[in-house]
Amino acid sequence: MTLAPNAQLPDRDHSPDRAPAAAARARTTPPWWFMAPALLLFAFVVLVPSVRGVYYAFTDWDGLDPHFSFVGLGNFTDMLRDGDATQAVWHTLLIAVSITVVQNAVGLLLALGVNSAIKSRNLLRVLLFAPAVITPIVTAYLWRNLLGPDGAVNSLLGAVGLGGWRQDWLGSPNLALWAVVAVIVWQFAGYSMVIFLAGLQSVPREVHEAAALDGAGPVRRFWSVTRPLLAPAFTINLMLSVIGGIKLFDQVYALTDGGPGHATDTLSTLIYKDAFTLGEFGYSIALAVVLTIIVAIASTGQYVVLSRSERAAS
């Protein structure tokens, strides 16, 4: 083979594709230094106060006096002997479980209803989702008036001849906790509905048609076809419901202020009362640490279990 005077053999050590590949890697490598300002702000606003708060959980700080003592695990041992704290933990878990079960069951039923071919389905979707966009504190005060002794609920019961069912819904120790759960389910069932509805609309119609041709009825098609394909929606809804139920504060404080007595106190309301009413900041921060641990354990355990179920379904 004869080469032209100015022709050169290709350089095997400097492949022409190497430079574009390096440039592509440079473009796809995340510029971590762009995140530095946000990370510094997050550390200043969240991480540093959180770590400092954990330190105060081991002190007897009252929130005002700069002089305080280190008490070790004293706040946590006092918590075990505190009947109000034990009751608040029980109420927190009971509310979280109740909200998770009822809210997601109602949300799934609503999603199945508005996913049908009824003409008013779009209007129903808007109306059912509307409570979820209202500020929780506004919803709580609205229902506080509706559920009062002379509120609209009791008036309606009397008007339809069910006067014997009239109750002091928020003033009864046996009913107040369930009234709070009902209000929260009323507000956020539409939120769960939207997530389930997105999952239902992603299920291919051909799968349902094939199951129907095989003789599967509506219940069988839902259980064997739709339910496994809704695994991601179940994961999201259950995670949000459990975490939201454990951290619940606004609605409980506005509806009952933790009363009557301590019948509806949760960890969040007890933390607020101990810190800003009793001035026991060290003890309240210890309660907050326990609340954080409960949220972390519940969310992590639930994520592991639901992720396995989701992978099995797929």
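Q: Which residues lie nearest the centre of the second largest pocket?
A: This is a predicted model, in which local features need pLDDT of at least 70, side-chain atom pairs count only at pLDDT 80 or more, and totals for chains, interfaces and linings use all residues. A pocket is an open set of points on a 1 Å grid over the protein atoms alone, with protein on both sides within 12 Å along at least five of seven lines, and its lining residues have an atom within 4 Å of a point. The second largest pocket has 17 such lining residues, and those nearest its centre are Ile184, Phe188, Leu240, Gly244 and Gly245.

Q: Which helix gives the largest share of the lining of the second largest pocket?
A: Helices are DSSP runs of H or I with at least four residues, numbered from the N terminus. At least two lining residues come from each of helix 4 (83–114), helix 8, helix 11 (231–246) and helix 12 (250–255). Five residues, the largest share, belong to helix 11.

Q: How many residues of the lining of the second largest pocket are charged?
A: Asp, Glu, Lys and Arg count as charged; Ala, Val, Leu, Ile, Met, Phe, Trp, Tyr, Cys and Pro as nonpolar; and the others, Gly among them, as polar. In this lining, eight residues are nonpolar and seven are polar, while the number of charged residues is two.

Q: What is the volume of the largest pocket?
A: The lining of the largest pocket has 14 residues, with Asn115, Leu200, Arg205, His208 and Thr226 nearest its centre. By class, six of the lining residues are nonpolar, five polar and three charged. The volume of the largest pocket is about 520 Å³.

Q: Which helix gives the most to the lining of the largest pocket?
A: Two or more lining residues come from each of helix 8 (176–201), helix 9 (205–213) and helix 10 (218–229). The greatest contribution, four residues, is that of helix 10.

Q: Is threonine 226 buried or exposed?
A: Threonine 226 belongs to helix 10 and is one of the residues nearest the centre of the largest pocket. Buried means under 20% relative accessible area, exposed over 50%, and partly exposed in between, with a 1.4 Å probe and protein chains only. Because its relative accessibility is 4%, threonine 226 counts as buried.

Q: How far apart are the closest N and O atoms of aspartate 265 and lysine 273?
A: Aspartate 265 counts as buried, because its relative accessibility is 1%. Lysine 273, at 16%, is therefore buried as well. The two residues form a salt bridge, and the distance between the closest N and O atoms is 3.1 Å.

Q: How many helices does the secondary structure of the protein have?
A: Buried residues make up 34% of the 314 residues in the protein. The secondary structure has zero strands, and its number of helices is 14.

How values were computed:
Residues are numbered from 1 along each chain as its sequence is written. Side-chain values use heavy atoms; hydrogens and water are left out. On a 1 Å grid over the protein atoms alone, a cavity is a set of points where a 1.4 Å probe fits but cannot get out, and a pocket is an open set with protein on both sides within 12 Å along at least five of seven lines; lining residues have an atom within 4 Å of a point. Grid points are joined across faces, edges and corners, and a volume is the space filled by probe spheres set on the points. A salt bridge is a side-chain nitrogen of Lys or Arg within 4 Å of a carboxyl oxygen of Asp or Glu.
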